[in-house]
Amino acid sequence: MLITGWNKAGWMDQPTRLGDRIGRLIGAEPGCTVVGDTLSIKVYQALASALELRPDRRVILSDTGNFPTDLYMAEGLLRSLDKGHVLKTVAPQDVVDHIDEHVAVLMLTEVDYRTGRLHDMAALTAKAHAAGALTIWDLAHSAGAMPVDVAGTGADFAVGCTYKYLNAGPGAPAFIYVASRHAHAVNPALSGWLGHEAPFAFDADYRPGAGIERMRVGTPPVLQMAALEAALDVWDDVDLADLRARSIALTQAFIAGVEATCPDLNLASPRDPEMRGSQVSFLHAEGYAIMQALIARGVIGDFRAPDLIRFGITPLYIGIEEVNKAVEILADIMANRHWDRAEFRQRARVT
Ligand SMILES: Cc1ncc(COP(=O)(O)O)c(C=O)c1O
């Protein structure tokens, strides 16, 4: 089709069409979610726009457990703005006590990437709003893992990736949600041509597109979008309450199985399933080698420095048989020290 595909195959509308399908999974009102770029870029866009909506405030509040790229992107943005903003990070449990009238934006990842600890999105958003602050929620470990209600909780901005629980493949594009009350007011910092009101007018001056369209930047990755579209087909009939129930049953079974058979592994995730997402992590000083030994036996999780092994239990694709099998293999590896081999200590570039 060459360039005719942009019209014939609807490639130009993919970012908003897929955005709305993800929107259903995160409780977004229609027309408020768009797909594109990487999550780091979407964090930058959300924060830049949120700060412009709070021009008299200078504090961005986040937590020390946030994913580093969110904090790095904020640091870079604040440096370019050079307006005296401060990025303040406190322990996750202390966030609630630091929301005050100086905070411009509360920027948090709902489910901690290391431990799976869940922030109370509704309560923190309500407190932020009462103090006059805006909220940005990173849903990287929430979307497709559990029900999310961005509109119901009143979140101002949300961002997330599609290559984790949504299973759209490595490098799959990210998404951004902007609440309908802000979508026509925000001023995009990354004012690319596809976020322009009329990209094919090729005007010399930027005019933001209608609503969420303005959060688009450049040419969408059509092949990656096709993979995302296929990945999303699976979600159409999924009831997110069922998904959550299954996630809790599987993560509880995994924790019980590991604790019964692996006394040397310490649970790093909250024990109460209501306080965590759909991942379970354990601590061990030899965590890296243990995860490599698991991967060699087909149980694929990841290691997060310095000592954490993380298991993403994707409720849509994993069943109790696999959870039981993973426990059995892990128990064997621990009891017989199968991890204790030089090849498993060899650090690869990606852990
Ligand atoms: C919570 C969170 N935010 C941001 C990112 C980074 O996203 P990207 O590499 O798509 O920019 C990740 C990656 O795993 C993440 O877990």
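This is a predicted model: local features need pLDDT of at least 70, side-chain atom pairs count only at pLDDT 80 or more; totals for chains, interfaces and linings use all residues.

Guide: Residues are numbered from 1 along each chain as its sequence is written, and side-chain values use heavy atoms, with hydrogens and water left out.

Visitor: What is the strand order of the open sheet of seven strands?

Guide: Strands (E, at least two residues) and helices (H or I, at least four residues) are DSSP runs, numbered from the N terminus. Two strands pair if DSSP finds at least two bridges between them. The pairing in this open sheet is mixed, and its seven strands have the order β1-β7-β6-β5-β4-β2-β3.

Visitor: Which strands of that sheet stand at the edges, each with a single partner strand?

Guide: One side of each of these strands is left without a neighbour in the sheet, because each has a single partner strand. From one strand to the next, the twist averages 20 degrees. The edge strands are β1 (33-35) and β3 (86-90).

Visitor: Which residue in β7 is the bridge partner of G160?

Guide: Strand β6 (residues 157-160) pairs with strand β7 (residues 175-178) in the antiparallel sense, over four bridges. In β7, the partner of G160 is F175.

Visitor: At about what angle does helix α2 run to β1?

Guide: Axes are lines fitted to C-alpha atoms, for helices over the stretch in contact (heavy atoms within 4.5 Å). Angles run from 0 to 180 degrees between N-to-C directions. Helix α2 (residues 14-26) lies across β1 and β7, and its angle to β1 is about 125 degrees.

Visitor: Is T33 buried or exposed?

Guide: T33 is found in strand β1. Leaving aside its neighbours within four places in sequence, T33 is in contact with residues including P15, T16, F175 and I176. Buried means under 20% relative accessible area, exposed over 50%, and partly exposed in between (1.4 Å probe, protein chains only). With a relative accessible area of 1%, T33 is therefore buried.

Visitor: What is the strand order of the open sheet of four strands?

Guide: The edge strands are β8 (266-267) and β10 (302-304), each pairing on one side only. The pairing is antiparallel, and the order is β8-β9-β11-β10.

Visitor: How many bridges join β9 to β11?

Guide: Strand β9 (residues 279-283) is also joined to β8, by two bridges, and L267 stands opposite F282 in β9. Towards β11, Q279 stands opposite G312. β9 and β11 run antiparallel, and the number of bridges joining them is five.

Visitor: How many residues lie between β10 and β11 in their hairpin?

Guide: β10 and β11 pair in the antiparallel sense over three bridges. In β11, R304 has L308 as its bridge partner. The number of residues between the two strands of the hairpin is three.

Visitor: How many of the five residues of β11 are buried?

Guide: Helix α10 (residues 287-296) lies across β10 and β11 (308-312), at about 35 degrees to β11. β11 is largely enclosed by the rest of the structure, because the number of its five residues that are buried is four.

Visitor: Is F202 buried or exposed?

Guide: F202 lies in the loop between α7 (180-183) and α8 (222-233). Because its relative accessible area is 58%, F202 is exposed.
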